[in-house]
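My notes follow in the order I checked things.

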Amino acid sequence: MLEPIILVHGGAGDIPDERVDGKLVGVKLAAKTGFNTLRKTGSVLDAVEEAVRSMELDPYFNAGYGSVLTTNATVEMEASIMNGVNLRSGCATLVKDIMHPITLARRVMNTPHNFLAGDGIMELAEREKFEILLPGQLITDYAREALEEWKEDLKAGKGHFARTEIGSQNKYKRTETETVGAVAIDCQGNIAVATSTGGITGKLPGRVGDTPLIGAGTYADNLVGGVSTTGHGETIIKYCLAHAILKRIDFLKEDAQVATENACEAMTERLIGKGGAITIDYKGQVGVSFTSDRMAWAYLKGNSIHYGIEKNQHLQEKL
């Protein structure tokens, strides 16, 4: 019998000092919410969904309320959830005016499909009687300010697409943004993962990142483990970061922490773009790593909550 664990992240990126405390409060609350749900319902899917819903309500995170803006100053969100028991997944992208994209992604699991996007996902939301908010209700002042700063940086040649020459290849300087995610394991070894995001500030309308892509942003398999990733989506997609971590556990027999560290570092070394991930392996071991400046994370195990946001930081509080 394993000890149940719920592990969450609040996004890897260039997190300013004034946002640190709010993010730590948010990830600790999400971990407690997910753990209490697991204890109440016994479902790892319920646990990761509720943990992510908690962060989708929190403007300190780039998911749900507080999502960043496209070049058109609109919100387009995406999410995914996966069940490690049977590898069933639900993925959603180009979600608009919905407070909880993760719950909409879970509803996709009830259809014959794994992934719905655009008009299709919004039609599902209407059929499932989701509340459709008025345009702009999910936008925060912080998101508006971030878009204006991005526009100024772009004019100065410092935005997402500012080019530099490295060797013989053209590379891009990237500003990582944040995503939220959760991984849970129960005493029987059942694993589930959920991930949700608003994307990256200044993205083109219609852009799809790593979050809704199984193997890139999310993966769960009871036989190996579960991973939720965060960071520069285009980089994570190329590297299939979630799957890369689990391959290291499966084939190289690395534990969750070593596999997560090695995969994140190898991705950034190969592709420059930064990111992070949280992992629980099939033995119930935890992994947390990131190559970005900061990543908020927390997990609840037994009577203690563990958390951090800086590199090599591991704080602990008794409940």
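**Salt bridges within helices**

I started with K155 and E152, whose side chains meet in a salt bridge at 3.9 Å, N to O. I count a salt bridge when a side-chain nitrogen of Lys or Arg is within 4 Å of a carboxyl oxygen of Asp or Glu. Both residues lie in helix 5, 3 residues apart, about one turn of the helix. I take helices (H or I, at least four residues) and strands (E, at least two) as DSSP runs, numbered from the N terminus. K155 is exposed at 70% relative accessibility, and E152 is partly exposed at 48%. For me, buried means under 20% relative accessible area, exposed over 50%, and partly exposed in between (1.4 Å probe, protein chains only).

This is a predicted model: local features need pLDDT of at least 70, side-chain atom pairs count only at pLDDT 80 or more, and totals for chains, interfaces and linings use all residues. Residues are numbered from 1 along each chain as its sequence is written, and side-chain values use heavy atoms, with hydrogens and water left out.

I then checked E50 and R53, a salt bridge with its closest N and O atoms 3.9 Å apart. They are 3 residues apart in helix 2 (residues 44-56), so about one helical turn separates them. E50 is partly exposed at 28%. R53 is partly exposed too, at 24%. An α-helix has 3.6 residues a turn, so residues three or four places apart point the same way.

**A salt bridge across the sequence**

How many salt bridges does the count come to? I get 12. One of them joins R294 to D17, with the closest N and O atoms 2.8 Å apart. R294 lies in strand 13 (residues 294-301) and D17 in helix 1 (residues 17-41), so the pair ties together parts 277 residues apart in sequence. Is R294 buried or exposed? R294 is buried, with a relative accessible area of 13%. D17 is exposed at 59%. I also noted that D17, R294 and E310 are linked in a network of salt bridges.

**Confidence**

I looked up pLDDT, the predictor's confidence in each residue, from 0 to 100. The chain mean is 93, and 94% of residues reach 70 or more. Over residues 161-176 the pLDDT is below 50, although this stretch has 38 contacts in the model beyond near neighbours in sequence. Contact here means heavy atoms within 4.5 Å. Where pLDDT is low, the predicted coordinates should not be read in detail.

**Two loop residues**

R88 sits in the loop between strand 2 (77-83) and strand 3 (89-95). R88 is partly exposed, at 23% relative accessible area. Which residues does R88 contact, leaving aside neighbours within four places in sequence? I found I81, M82, N83, V108, M109, T111, P112, H113 and N114. The R88 side chain reaches the backbone oxygen of M109 at 3.1 Å. The C-alpha atoms of R88 and M109 are separated by 7.0 Å, with the two residues 21 apart along the chain. A polar contact of 2.7 Å also joins the side chains of R88 and N114. I define a polar contact as a pair of N or O atoms within 3.5 Å; within protein, one must be able to donate a hydrogen and the other to accept it, and residues adjacent in sequence count only if both atoms are side-chain atoms.

T140 is in the loop between helix 4 (118-127) and helix 5 (141-155). T140 is buried at 7% relative accessibility. T140 touches P59, Y65 and G66, not counting residues up to four places away in sequence.

**Helix 7**

In helix 7 (residues 241-251), I found L241, A242, A244, I245, L246 and I249 buried. Their cover includes strand 9 (218-221), strand 10 (225-231), helix 6 (233-239), helix 8 (256-271) and strand 11 (275-281). K253 follows helix 7 and has a positive phi, near 60°.
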